[in-house]
Amino acid sequence: FEGWFQEQAAKNRARHDNRPAVVLWPDTFNNHFFPHTAKAAAEVLEAAGYRVEVPQRALCCGRPLYDYGFLDQAKSNLEDILDALGPQITAGVPVVVLEPSCLSVFRDEMTNILSRNEDAQRLRSQSTSLGEFLKKIHYRPPVLKRKALLHGHCHQKAMCGMSAEQELLLQMGVETDLLDSGCCGLAGSFGYEEGHYEISMKIGERVLFPKVREAARDTLILSDGFSCREQILHGTRRRGMHIAEVLQMALHEPQRKTKKY
């Protein structure tokens with residue numbers, strides 16, 4: 001198995017489950033580094049009434065390859081994905097993608113690189129963020145009375161906006177401040193590269209870092225982008241959360257309130 005989340009998903013795979021299927025894409029970040037985020041998403045999707053399917057092959061959308069011109073390798077990665085997801089694509093199964101930069105590949109670069117591939121076109125239309133998917137199925141999340149700062153990943157804002165996440169948070173009762181923060185400054189690998197660190201930090205200090213530092217300790221810090229959450233942690237020592245984790249928190253809130261200490 002390629003990552004911890006894939007391995008756990010295989011062990012916990014439901015058999016003979018007649019619920020409708022949804023594919024949860026095991027992106028590199030949430031498969032290896034933040035498996036708790038993918039696990040939270042799987043729990044939420046199951047609570048919404050779906051059978052979660054997780055590809056078990058080592059797959060990558062190839063997002064980092066485009067920045068450095070490795071287009072042949074990126075094309076090979078995408079062809080592997082279409083092969084692995086072939087049955088689900090043909091069956092019209094939705095593909096939930098947690099990482100906005102990976103979702104943007106399925107909606108943009110993939111259909112440019114594989115412009116004549118019908119499965120690429122189908123996957124583009126079947127790919128969705130978690131927020132978009134839950135909004136489409138009219139999911140009613142449990143209540144979570146908290147405050148939150150919401151920062152949008154650049155690809156997320158460019159592709160689909162933040163309305164689905166805002167609507168879910170509103171339904172939960174989370175008092176949310178959507179930050180007008182632009183880019184977090186990390187921008188994939190940009191902020192890690194020599195010569196870019198200082199400007200990366202300056203971008204974060206423009207709006208995002210001060211707002212996070214000013215927030216009360218019990219205020220939730222939300223961003224679906226892995227790079228954004230890493231930048232927030234590095235610049236403020238506050239841990240950002242994916243919307244999947246907040247939804248999972250809401251699922252567990254009744255148990256937490258009734259637990260005896």
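Predicted model: local features only at pLDDT ≥ 70, side-chain atom pairs only at ≥ 80, totals over all residues.

**Entry 1: H7 and H8**

I started with helix H7 (residues 100-113) and helix H8 (residues 118-126), which pack at an angle of about 165 degrees with their axes 9 Å apart. Helices here are DSSP runs of H or I with at least four residues, strands are runs of E with at least two, and both are numbered from the N terminus. The axes are lines fitted to C-alpha atoms, for helices over the stretch in contact, and the angles run from 0 to 180 degrees between N-to-C directions. H7 and H8 are therefore roughly antiparallel to each other. My cut-offs: under 35 degrees is roughly parallel, over 145 roughly antiparallel, 65 to 115 roughly perpendicular, and the rest oblique. I noted the crossing of H7 and H8 as left-handed. That term applies if the near helix is turned anticlockwise from the far one by less than a right angle, and right-handed applies if it is clockwise.

Which residues make the contact of H7 and H8? From H7 I found Phe106, Arg107, Met110 and Thr111, and from H8 Ala120, Gln121, Leu123 and Arg124. Contact means heavy atoms within 4.5 Å. I sorted the residues of this contact into 4 nonpolar, 2 polar and 2 charged. For the sorting, Ala, Val, Leu, Ile, Met, Phe, Trp, Tyr, Cys and Pro count as nonpolar, Asp, Glu, Lys and Arg as charged, and the others, Gly among them, as polar.

Residues are numbered from 1 along each chain as its sequence is written, and side-chain values use heavy atoms, with hydrogens and water left out.

**Entry 2: H5 against H7**

Next I looked at H5 and H7, whose axes come within 10 Å and cross at roughly 110 degrees. H5 and H7 are therefore roughly perpendicular to each other. H5 passes H7 in a left-handed crossing. On the H5 side I listed Ala74, Lys75, Leu78, Ile81 and Leu82, and on the H7 side Val105, Phe106, Met110 and Ile113. This contact of H5 with H7 divides into 8 nonpolar residues, no polar ones and 1 charged.

I then checked lysine 75, which is found in helix H5 (residues 71-84). Is lysine 75 buried, exposed or partly exposed? Lysine 75 has a relative accessible area of 35%, so I wrote down partly exposed. (Buried is under 20% relative accessible area, exposed over 50%, partly exposed in between, with a 1.4 Å probe and protein chains only.) Not counting residues up to four places away in sequence, lysine 75 touches Ile113 and Leu114.

**Entry 3: glutamate 109**

Back on helix H7, I picked glutamate 109. Its relative accessibility is 18%, so glutamate 109 counts as buried. I left aside neighbours within four places in sequence and found glutamate 109 in contact with Arg63, Tyr66 and Ser104.

**Entry 4: the rings**

I searched the whole structure for aromatic pairs and got 5. Rings of Phe, Tyr and Trp (its six-membered ring) pair if their centres lie within 6.5 Å; planes under 30 degrees apart count as stacked, over 60 as edge-to-face and the rest as tilted. Why is the pair of phenylalanine 29 and phenylalanine 226 called stacked? The ring centres are 4.6 Å apart and the planes are at 20 degrees, so the pair is stacked. Phenylalanine 29 sits in helix H2 (residues 28-33) and phenylalanine 226 in helix H14 (residues 226-236), so the pair ties together parts that are 197 residues apart in sequence. I have phenylalanine 29 as partly exposed at 23%, and phenylalanine 226 as buried at 11%.

Phenylalanine 226 also forms a tilted pair with phenylalanine 34, at 5.0 Å centre to centre and 55 degrees between the planes. Phenylalanine 34 lies in the loop between H2 and helix H3 (35-47) and phenylalanine 226 in helix H14, so this pair ties together parts that are 192 residues apart in sequence. I checked phenylalanine 34 too, and it counts as buried at 16% relative accessibility. Phe29, Phe33, Phe34 and Phe226 form one aromatic cluster.
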